[in-house]
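Try each one yourself before reading its solution.

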Amino acid sequence: MFHYGKDVLTAGKALAIARGKLSATLAADTRSQVAASQRIVEHVVEQGAAVYGINTGFGPLCNQTISKEDTAILQKKLLLSHSVGVGKPIDREVAKLMLILKIHALSQGYSGIALGVLDRLLWQLEEDIIPVVPEQGSVGASGDLAPLSHLFLPLLGEGEVFYQGSRYPTNEILAKYNKEALILGPKAGLALINGTQFIAAHAVLLVERFHNCLVHADLIAALMVEGLQGSDSPFDPKLHQVRPYPGTVHVAQRMKNFLSDSAIMADHENCDRVQDPYSLRCVPQVHGASRQAWLHLKETVEIEINAVTDNPIVFSEEEVISGGNFHGQPLALPLDYACLALSELGNISDRRSYLSLEGKSPGVPKLLLTETGVNSGFMIVQYTSAALASENKTLCFPASADSIPTSLGQEDHVSMGSIGARKALRVCGNVEKILAVEMLCAAQAVDFQRPLTSSPVLEAAHTAIRQQIPFATEDRIFAKDINAALGILQRGDLLAATAPYITPNAFTYTSLLEEF
């Protein structure tokens with residue numbers, strides 16, 4: 001059981017809650033803390049002293065005092081006026097993560113939110129009533145104002161929700177459950193829509209998918225080393241002890257482990273080849289650098305999803321402080337870094353796929369087919385990989401390098417982290433497909449090394465691939481193979497197949513570079 005506002009949330013726990021694998025609730029002492037914070041806000045309203053976000057206008061209207069009678073109207077109009085999102089709806093799981101992250105932030109008792117609001121949000125999660133949130137409209141500055149406004153329109157009986165596989169107007173679903181729209185109290189509007197939960201929810205999902213790419217990239221690269229009769233010398237621990245980046249050491253240890261006890265590797269142990277191209281030889285350095293970027297993202301995300309990111313922050317009746325905890329820059333920079341690191345993971349994977357087609361490795365024919373001419377082999381399969389790698393390069397311009405003033409100059413520097421987060425997930429999706437292409441090429445290359453066998457780990461991986469994708473003897477619709485390989489990667493079939501052959505805790509940096 002996870003306790004909102006009290007326990008430490010991780011990317012893995014947030015995903016587990018969203019997927020129904022971990023229950024979450026509000027503890028009694030957390031409820032007391034939230035109620036106390038709300039009483040402070042109510043007292044401020046009673047006293048009449050101007051405090052930003054409680055009894056004033058917002059943004060450039062911050063100097064305009066709002067009467068006690070108009071505070072409820074102010075909250076409603078705030079959500080309505082800021083619901084300006086456009087584009088396709090974000091994935092339901094991301095919207096669900098947004099709700100989970102916002103509940104956790106509000107439950108810490110620094111936001112002045114009413115318990116009734118939190119209980120309604122918890123009810124929505126329990127009944128799987130997920131708001132429809134457009135993907136575009138946030139600049140990641142005063143938080144994710146537009147998407148968060150759409151996320152909370154259902155509290156007012158407005159907007160749309162996903163429910164039981166379909167999309168409905170919110171008022172229809174509330175009527176089904178005999179629920180009334182809520183009347184929001186003072187500061188509730190700002191507490192709800194100030195925050196980085198749109199950026200953070202995308203980042204949580206990216207932590208998982210980026211990690212999945214990393215673990216598959218190592219395994220598929222090792223399979224390619226086997227198929228092309230590459231050397232395992234570049235993975236020698238001594239080599240990496242003199243340049244001990246944690247990610248590089250980690251990947252080198254994985255590669256060495258994957259290739260140990262291989263008959264294919266032993267067969268060419270004393271060959272006259274001096275060294276391999278960089279795409280094989282420099283796997284630890286390139287994959288390891290991307291692992292470091294992933295680790296930086298993960299650590300940043302886990303600070304952010306346990307933080308209070310609305311404004312103002314309610315510490316006591318004497319201290320209600322207006323600041324900038326909503327600004328998305330702390331996430332925007334690591335997301336752009338992660339985007340670049342993912343692109344490079346795909347770039348080197350594409351180089352390995354290309355290398356496998358050249359016909360320069362012992363026993364491996366050109367284009368990975370013995371009879372070419374009539375057959376084009378895997379030539380055009382690599383075209384797809386090249387196209388995706390190139391597309392990723394165009395997506396690597398950092399969103400955080402841009403800033404456009406908004407809100408009449410009050411928000412004169414913005415993070416664009418929302419754009420960076422969406423873009424990074426798009427790059428990640430492309431990398432998954434690039435790795436799927438390499439999976440096909442590596443498995444085909446290994447087949448040309450028969451009857452020699454690979455290591456137990458890689459034999460298990462190769463068998464898992466061949467159970468779903470047969471060896472190619474002639475041209476066929478390779479798009480079907482690519483999609484099948486993509487499914488293998490996304491479901492984690494290779495990881496399940498190889499797990500019995502990988503020694504637990506075999507790697508020095510397992511806790512840092514694997515767990516989330």
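**Exercise 1.** Which residue in strand 6 is the bridge partner of Ile-130?

Solution. Before starting, note that this is a predicted model, in which local features need pLDDT of at least 70, side-chain atom pairs count only at pLDDT 80 or more, and totals for chains, interfaces and linings use all residues. Residues are numbered from 1 along each chain as its sequence is written, and side-chain values use heavy atoms, with hydrogens and water left out.

Step 1: find strand 6 at residues 160-163; strands are DSSP runs of E with at least two residues, helices are runs of H or I with at least four, and both are numbered from the N terminus.
Step 2: look across from Ile-130, and you meet Phe-162.
Step 3: move on to Pro-131, whose bridge partner is Val-161. Strands 4 and 6 pair in the antiparallel sense over 2 bridges, where pairing requires at least two bridges found by DSSP.

**Exercise 2.** Is Val-249 buried or exposed?

Solution. Step 1: locate Val-249 in helix 11, residues 246-259.
Step 1: its relative accessible area is 14%, so Val-249 is buried (buried is under 20%, exposed over 50%, partly exposed in between, with a 1.4 Å probe and protein chains only).
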